[in-house]
Amino acid sequence: MSRSLTVHDPRGTPPGVTGERLAPRLRSLDGKTIYLVDCLFDNSDRFMGELLDWFGNNLPSVDARIVKPRESWVDDPDMRKRIENDGDGAILGVGL
Amino acid sequence: MPSVAVHTDVFEQLTRSVALANGMPTARQAYVPQPVVDRSAAQLRGYIEGTDPVSGRPFLREIVEGLTRPLDDADLSGLSFERATPRLLEPDSEDNLHAQFLENRWTDHLPVVLPTEERVEAMLRGTSRRPDEIVGTLRPTAYREFWEFTVEKVAVNAVMAGARPEYLPVILALAATGQTARSSSTNSFAVVSVVNGPIRKEIGMNDGIGAMGPYNHANATVGRAYNLASINLQGGSVPGDTYMGSVGNWYNYSATFAEAEERSPWRPFHVQRGFAPEESAASVFFGAWYTHAGYGPRETWQENFRRSLAGCEHHFPPLFVMDPICARGLVELGFDTKEKMIGWLSDNALLPAREYWDNQWVKTLIHPLAVAGVEPFATRLKAAPDEAVRIFEPSDINIVVAGGETQGAWKMIAGRHGEGGTVSVDDWR
């Protein structure tokens with residue numbers, strides 16, 4: 001039987017995780033403003049354009065609007081504020 | 001604000017683990033097939049009207065229900081938990097421990113030296129820093145959480161790589177840059193690191209024949225230690241979760257070498273960055289995705305360099321590694337400083353505007369800045385489709401001299417040298 005060894009764990013220290021509740025959902029999408037957030041990945045503008053068309057053709061009571069952040073992968077507080085002020089929900093996407 | 005995030009299906013595991021780490025494991029997500037890039041409007045419409053490849057339900061049902069399905073207890077509470085890693089593992093046999101390290105993906109899949117208490121203690125003699133001192137934080141990418149690590153944890157990974165105690169200050173310096181050598185990017189990034197100053201000679205690093213290959217113990221194990229540390233100190237580099245590089249990258253094994261300061265006709269790289277020649281420093285160049293190579297300077301060197309510059313990934317400037325023969329040849333042509341050479345390279349890194357803007361990462365990362373008026377990108381956006389635009393500024397391009405003078409070789413390697421990309425090694429002695 002081989003000798004027993006004690007060795008170090010090589011991993012760093014992760015931060016704790018604090019639970020976050022989801023935002024309340026909508027009862028229905030009728031008459032609601034839904035922002036389609038184009039995350040600026042290549043071709044995500046085309047995807048969001050198609051999704052906008054789908055809402056227009058199939059759920060015309062939804063006011064769907066495309067919005068883009070100022071820069072890729074960087075928080076845009078102005079865009080978030082606009083969505084919070086004017087919107088009822090958001091769909092974000094999409095890469096790659 | 002109720003929201004649904006849309007991803008492609010290859011990112012399922014990654015998106016779920018990120019949601020978990022942010023305390024929202026039930027965050028509403030919907031998936032479409034990969035890829036979205038280069039798909040036509042009709043194909044994307046097919047994705048939207050088709051099936052979510054993860055849930056097997058209509059994609060639009062996932063979207064609508066994601067915004068409207070009432071919250072349950074798990075949605076309302078989120079998930080809080082503490083995470084910790086022990087200092088020591090449970091004692092076990094050598095074979096079982098090797099198997100444990102491999103199964104937990106704590107290695108680069110090559111054999112490692114087990115970090116016993118004795119070996120780690122010996123490694124720690126390579127620095128005057130306390131074992132419990134915090135070195136810094138690392139993460140695989142910008143949307144992941146930072147993990148913290150101590151001097152001892154870096155020493156553990158240095159032992160695993162087979163490094164010697166006298167190499168530890170260099171390994172600590174590389175870890176302290178905060179730049180992971182194991183990015184999770186789909187681009188299969190790696191990091192090339194360069195060591196300057198007296199430490200090169202003190203630990204016997206190679207800047208000569210085979211400087212960028214497996215021909216020197218210090219080069220090989222320092223680079224390997226930096227990669228192992230990046231894996232383990234940031235919370236992993238696991239395909240599908242914390243690593244998404246589509247085709248992978250050999251530079252992720254080990255990619256560290258020394259600059260041939262004594263044989264270079266130009267200032268050492270760390271001196272360019274504000275260090276004194278007698279100081280030791282380590283520099284990290286992020287990317288290492290493409291590598292071009294050539295010889296020179298011969299009669300047609302300008303055409304040769306221009307072709308390679310145009311072939312560089314448009315959003316990733318090159319680190320130019322030159323053999324001293326090549327560097328001295330360029331001095332004879334009038335480039336008596338690195339800065340003059342870099343100026344020529346920048347002036348000749350040209351592409352037709354339509355090619356430049358057709359690159360998927362230029363479109364993703366640079367186009368929004370150009371639209372917002374940020375220079376020099378805004379000027380590039382104004383160019384006519386066939387007009388040549390300069391794709392790299394002088395501040396983007398770097399030169400390091402290394403090689404054994406067996407020929408006038410050079411390489412251009414994707415290598416972005418960001419702020420804080422050159423750090424003191426002496427601080428970690």
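1. In this predicted model, 80 residues of chain B are in contact with 52 residues of chain A, where two residues are in contact if their C-beta atoms, placed from the backbone, lie within 7 Å. The side of chain B that touches chain A holds 44 nonpolar, 20 polar and 16 charged residues; here Ala, Val, Leu, Ile, Met, Phe, Trp, Tyr, Cys and Pro count as nonpolar, Asp, Glu, Lys and Arg as charged, and the others, Gly among them, as polar.

2. A note on conventions comes next. Residues are numbered from 1 along each chain as its sequence is written, and chains are lettered from A and ligands numbered from 1 in the order in which they are written. The model being predicted, local features need pLDDT of at least 70 and side-chain atom pairs count only at pLDDT 80 or more, whereas totals for chains, interfaces and linings use all residues.

3. Strand E4 (residues 89–93) of chain A pairs in the parallel sense with strand E1 (residues 3–8) of chain B over three bridges, and Ile91(A) has Val4(B) as its bridge partner in E1(B). Two strands pair if DSSP finds at least two bridges between them; strands (E, at least two residues) and helices (H or I, at least four) are DSSP runs, numbered from the N terminus.

4. Within chain B, four bridges join E1(B) to strand E2 (residues 29–32), and these two strands run parallel. The chain passes from E1(B) through helix H1 (residues 12–21) of chain B to E2(B) in a right-handed β-α-β crossover, a term meaning that, with the strands pointing away from the viewer, the path from the first strand over the helix to the second runs clockwise. His7(B) has Tyr31(B) as its bridge partner in E2(B).

5. Both faces of E1(B) are covered, with Ser3(B), Ala5(B) and His7(B) buried on one side and Val4(B), Val6(B) and Thr8(B) buried on the other. A residue is buried if 20 or more other C-beta atoms lie within 10 Å of its own, exposed if 12 or fewer, and partly exposed in between, with C-beta atoms placed from the backbone.

6. In helix H12 (residues 301–311) of chain B, Phe305(B), Ser308(B) and Leu309(B) are buried. Seen down the axis of H12(B), these residues fall within an arc of 100 degrees, so they line one face of the helix; the arc is that of the directions from the helix axis to the C-beta atoms. Glu303(B) and Arg307(B), on the other side of H12(B), are exposed.
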